[in-house]
Amino acid sequence: MKSEIINQMRRLGSATPGELERAVFQSITGHQREEVDWDIEDNQAGYFTWMQSFDRLLVELIEDGYMTKEGPSTLVANEPEPGTQYSHLVYPSGRSK
């Protein structure tokens, strides 16, 4: 999920956390949040978990330098370092897929 957050942030350039979350949600699920039936309890619980995870990952990505906060509610993508591969977010160095 971190890789997709980075990909969407770089695609958008800058965004609010809400705009970024919507883009990532649609990219991963293929649907917009408005298309989800929120009356179903499992959907509500799943979305709560999704948002908790998303918020924690945003903090980690900001701390790791993949994006920065500009003002109180805008995130901006940072340029990738030369040779950075997103698979390193999932697979630590020295470990192959």
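Modeller: A salt bridge is a side-chain nitrogen of Lys or Arg within 4 Å of a carboxyl oxygen of Asp or Glu. Keep that cut-off in mind. The model is predicted.

Colleague: What makes Arg22 and Glu34 a salt bridge?

Modeller: Their N to O distance is 2.4 Å. The limit is 4 Å, so the pair qualifies. Arg22 sits in helix H2, and Glu34 in the loop between H2 and H3, twelve residues apart.

Colleague: How many salt bridges does the whole structure have?

Modeller: Three. One of them joins Glu60 and Lys2, at 2.8 Å from N to O. Glu60 belongs to helix H3 (residues 41–63) and Lys2 to helix H1 (residues 2–12), so this bridge ties together parts that are 58 residues apart in sequence. Another joins Arg33 and Glu21, with the closest N and O atoms 3.2 Å apart. Here Arg33 is in the loop between helix H2 (17–29) and H3, while Glu21 is in H2.

Colleague: Why is Glu21 called buried?

Modeller: Its relative accessible area is 2%. Buried means under 20%, so Glu21 counts as buried. By contrast, Glu60, at 32%, is partly exposed.

Colleague: Which residues have the most contacts inside the largest nonpolar core?

Modeller: Ile5, Met9, Leu20, Leu58 and Met67, in a core of 17 residues. H1, H2, H3 and strand E3 (74–77) each supply at least two residues. H3 gives the largest share, six. In soluble globular proteins, nonpolar side chains tend to be buried together.

Colleague: What does Met67 touch beyond its neighbours within four places in sequence?

Modeller: Its contacts include Ile5, Met9, Leu20, Leu58 and Leu75. Among the others are Val76, Ala77 and Asn78.

Colleague: Why are E1 and E2 called edge strands?

Modeller: The open sheet has three strands in the order E1-E3-E2, with antiparallel pairing. Strand E1 (14–15) and strand E2 (67–70) each have a single partner strand, so one side of each lacks a neighbour in the sheet.

Colleague: How do you know that E1 and E3 pair?

Modeller: Two bridges join them, in the antiparallel sense. Pairing needs at least two bridges, so E1 and E3 count as a pair. Ala15 has Leu75 of E3 as its bridge partner. H3 packs on this sheet and touches E2 and E3, its direction making about 100° with that of E2.

Colleague: Why is the pair of Phe25 and Trp50 called edge-to-face?

Modeller: The ring centres are 5.5 Å apart. The limit is 6.5 Å, so the rings pair. Their planes stand at 90°. Edge-to-face means over 60 degrees, so the label holds. The two residues are 25 apart, Phe25 in helix H2 and Trp50 in helix H3. Both are buried.

Colleague: How many aromatic pairs are there, and which residues form the cluster?

Modeller: There are four pairs. Phe25, Trp38, Tyr47, Trp50 and Phe54 form one aromatic cluster.

Methods. Residues are numbered from 1 along each chain as its sequence is written. This is a predicted model: local features need pLDDT of at least 70, side-chain atom pairs count only at pLDDT 80 or more; totals for chains, interfaces and linings use all residues. Side-chain values use heavy atoms; hydrogens and water are left out. Helices (H or I, at least four residues) and strands (E, at least two) are DSSP runs, numbered from the N terminus. Buried means under 20% relative accessible area, exposed over 50%, partly exposed in between (1.4 Å probe, protein chains only). A nonpolar core is a set of buried Ala, Val, Leu, Ile, Met, Phe, Trp, Tyr and Cys residues joined through side-chain atoms within 4.5 Å. Contact means heavy atoms within 4.5 Å. Axes are lines fitted to C-alpha atoms, for helices over the stretch in contact, and angles run from 0 to 180 degrees between N-to-C directions. Rings of Phe, Tyr and Trp (its six-membered ring) pair if their centres lie within 6.5 Å; planes under 30 degrees apart count as stacked, over 60 as edge-to-face and the rest as tilted.
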